[in-house]
Amino acid sequence: MRFLAPGFLLLLPLALLPVLIHLLSRLRLRRLAFPSLLLLQTVRRERFSWLRLRELVLLILRTLALLCLLFALTRPYLPRFLPGLKSEDLIVILDDSYSMGYGSRWTHARLAAQQFVNAAKRPRLILTSQPDTFFTGPKTLRTILDTLTPSPAAAALTPALIRAFTESRTGTPPLVLITDLQRSALPETGLSQPPAPLHIVHLGRPKFVNAGIGRLYLDNNFIKAEIINHSSQPITRTVRLYRNGAFEEQTINLAPRTTATVSFSAHRTAQTGFRSIDTGFVQLSADSLPLDDTRYFALNIPAKVPLLIVQAPSASDRYLNLVLAADTAGPFLPTTVHRPELHSLDLSRYPLLITTDAAALQPGDWDRIDFYLAAGGAALIIAGNPLPELCGLNRYLKILGTNHPAGFLTVARVDTTHPILNIFHPRDFAPTRFFLTTRLAGGKSLMQLASGDPLIVEVPGKNLIVWAFAPAPFATDLVFKAPFAPLLIRTLNYLTTTAYRTDYIVGDTVTLPVKSLAPVTLSTPLGNILISPQPGPPRPRIVFADTRSPGIYRLDSIAIAVNPDAQEGDLTPISDNLLPRTGITIQTQAVPSADLTAPLLFLALLAFLIEMVILVSEVFFQKRSPVRK
Amino acid sequence: MLTRKSTETTHHRHDAAQWALKPELVAKLKGIDLKARLVVEGFLAGLHRSPYKGFSVEFTEHRPYMPGDELKRIDWRVYGRTDRFFIREFEEETNLRAYLLLDASGSMHYPPGTITKLDYSRWLAASLAYLLNRQKDSVGLVIFTDRINRYIPPRATGAHLRIIFRELENTKPGGDTSLGNTLHQLAERLKRRGLVIIISDLWDDQTQVLAGLRHFRARKHELLLFHIFHPDEANLNFPTPLLMRDLETGAELTIDPRLIKNRYQEGFRQRTAEFKKGCNEAHIDYQPLSLATPFDQALLKYLECRRRLS
């Protein structure tokens, strides 16, 4: 028998307390001279044997209840070894993903690994978080197993298994995989058969209680957090958003296996600078798997964003202004200028720029816009009017001509996965008609006509969105339809917030733009790191791969959030019928230990209940039973 | 007004008399003779309101004064009302022979440190002796444990009463009880029939005790049995487990009174009821007396018995 909390063994002598009290009470028994014991003896003789028995039974029950309670505190368990696993060589594959931190899984996993390492002469260890490294030598392995904690990375068993299978081909030592066998950890098909017997110590259980935080994003005036209930029972959690030294709290009830969104008000802070980032974290009231209960965020929540609208005589900004004027709570502060004035303006004061007619812009204007975009500015270019072949837009996209059908064209495809369009359904745009559009090629098409020509294009590497239609009735009736306003606002929001990616998963490689090739200091949760940037194109950048620790990473005014993969919180083990399809044949599947805590608590409760029954029945019967002569 | 005043005075006197009959007050007086006098006088004062008014121990009738009568026997109240001299006549009986049998065994020394059963019993015996003597009845005293410790034959003189008082005062508890045997011995010893008043806690085999009592009846004695007990003996009202030691045998027994209390109380009630039934069958007057009981109950019981004898 082993203990998960052996420190509590020191309390075990307390179980003798009832015996001590019993003995002391006997020693300190009050003596009383009584006239005659004649009647007492008659009455007591009748109950004498029962009284002695009762005293003994109660003493045993009390001692047993206390002993069980104290013993349960030590969390004892019976270790069970896998039968027939006696080999000099052994490869132990230990799943150290963060799902293994649920409840006492990690303790059991570590103890099981220690057993195997101690039993074999030449044990080898491979961790799923470091599939490229083999740890050898009993001493090294023992040190690793003593100090190892689950990594915040998600479980990916495949790389470690492939590495172990490769290693096992020489000498064919048996393999032991210690894991909770999460559904997401194994590919559904395609894993080759292990060259040696693969024993799985399966720690996963179908019943668990865990909730985690999924995506965090800014939606207009709200920071929204997706709360996922991974378990198969309803749960209640308190969600807190920590930001700028304060927190906001909400309580949420979640049905089994559902996701709900909690909205927190995104108070806009008066920030200076071209773009600034707000950081903080959202926290759930804790459960047995704490790692997915905290999620950091780095969001651009700007104060009023100065928005420059460059108007051309050929294209009115009427419909754009109507939408912006209606969005009074929004962050945009529009300033309209005519094209010639573009040269005299300091564009760095405007994080966002809209040109209402790309055809009207002169080559010099395009140079300025190009410089502006390279400096981190964002632009929405409306290219609805027929463009000349030598238009500056061809720096980013290829101009193929104009679509001017006799009737109208309709929308055929909408990329609803894109942040601009993810609130829409393709049918929202179905009744919209387009009469005049520009045919473009290149870039990422977000919305497409039935003719195959793109309507909205995102230019990669730039904060640039191009609309191939003019927001005017002669080009489309979209300006009269419901999706127009959200489409414009979301496009502007997207352009002001996607200067760079701010949300990463643990283990991801981070790429951040820098101004020069001079070394920069990256602040991480584990400390500061000096990094030398890599040259472009298009711009110098730093590439950083050591994102093993969740938290906020900062580089000057840039901040990113690194979080564990929310899906790892789904602890559902792979079903038995799916496992063979992965290619793994299970030789032995065993639980490494039997937890004795619950049986001990049950025994303590039982002892307590029996004692209660005895005491209550005594009171009951004493009132009713007459003296027998 | 006069009637009300008279009633108030009577009430006051009656209350005072009742006070005088409480054991805890009697205990405060010094000297057993004083105690006995207080009890009996208090009791008789209370009798004016009782159904025993006019009982022969007090006075029987008025008769006109005749020369040669003692002046102190003239009833001045009657003279005040009628303007004539009347003499108060008292009945004097000397033909009753009473034996007071007092149990002085170790079990009577309970509860130690306060008014014990023996104290209560000796004050009761003294009061009865005083009352008997006042009636000019002969009164004797037997003090017994497992044997007869002291035997004082009945006499009706004042000097004899003092001997009885002194003996009662000097009685010490001790020894075992073998009440059944002792009663048999006494029944044999008391040749001349009379009134036998037994004061005991009756802690002995019930059958033997009743057999001993019946022996007295067989010898034509009238019997009055006072069963003395402390409330603890009846209720066993103790809050904690106890190591009980028998006052007579020294035997010890560990008990948890909370567990056996109900059965014990029931047992004690049954025991008392069986004594009562046995005594009734043998025409013996049985009176259980708790130490909290005022003495007048015992004295009334005696008077009842006495009246039957007269």
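B:Pro111 sits in the loop between strand 3 (97-103) and helix 5 of chain B, where helices (H or I, at least four residues) and strands (E, at least two) are DSSP runs numbered from the N terminus. The peptide bond from B:Tyr110 to B:Pro111 is cis, with omega near -5°.

This is a predicted model, in which local features need pLDDT of at least 70, side-chain atom pairs count only at pLDDT 80 or more, and totals for chains, interfaces and linings use all residues. Residues are numbered from 1 along each chain as its sequence is written, while chains are lettered from A and ligands numbered from 1 in the order in which they are written.

Helix 5 (residues 117-134) of chain B packs against helix 6 (residues 158-170) of chain B at an angle of about 180°, with the axes 10 Å apart. The axes are lines fitted to C-alpha atoms, for helices over the stretch in contact, and angles run from 0 to 180 degrees between N-to-C directions. Helix 5 of chain B is therefore roughly antiparallel to helix 6 of chain B, a label for angles over 145 degrees. Among the residues that meet are B:Arg122 and B:Tyr130 in helix 5 of chain B, and B:Ile164 and B:Phe165 in helix 6 of chain B. The residues of this contact divide into eight nonpolar, one polar and one charged.

Two residues other than glycine have a positive phi, as tabulated here.

A:Arg75 counts as partly exposed because it has 18 C-beta neighbours inside 10 Å, whereas B:Lys220 is exposed, with 9 other C-beta atoms within 10 Å. A residue is buried if 20 or more other C-beta atoms lie within 10 Å of its own, exposed if 12 or fewer, and partly exposed in between, with C-beta atoms placed from the backbone.

In chain A, strand 11 (residues 235-243) and strand 12 (residues 246-254) pair in the antiparallel sense over nine bridges; pairing requires that DSSP finds at least two bridges. A:Val239 has A:Gln250 in strand 12 of chain A as its bridge partner. The hairpin has two residues between the strands, and A:Asn244 takes a positive phi near 50° there.

Chain A as a whole has nine helices and 34 strands, and 39% of its 629 residues count as buried.

Conventions. Angles under 35 degrees count as roughly parallel, over 145 as roughly antiparallel, 65 to 115 as roughly perpendicular and the rest as oblique. Two residues are in contact if their C-beta atoms, placed from the backbone, lie within 7 Å. Ala, Val, Leu, Ile, Met, Phe, Trp, Tyr, Cys and Pro count as nonpolar, Asp, Glu, Lys and Arg as charged, and the others, Gly among them, as polar.
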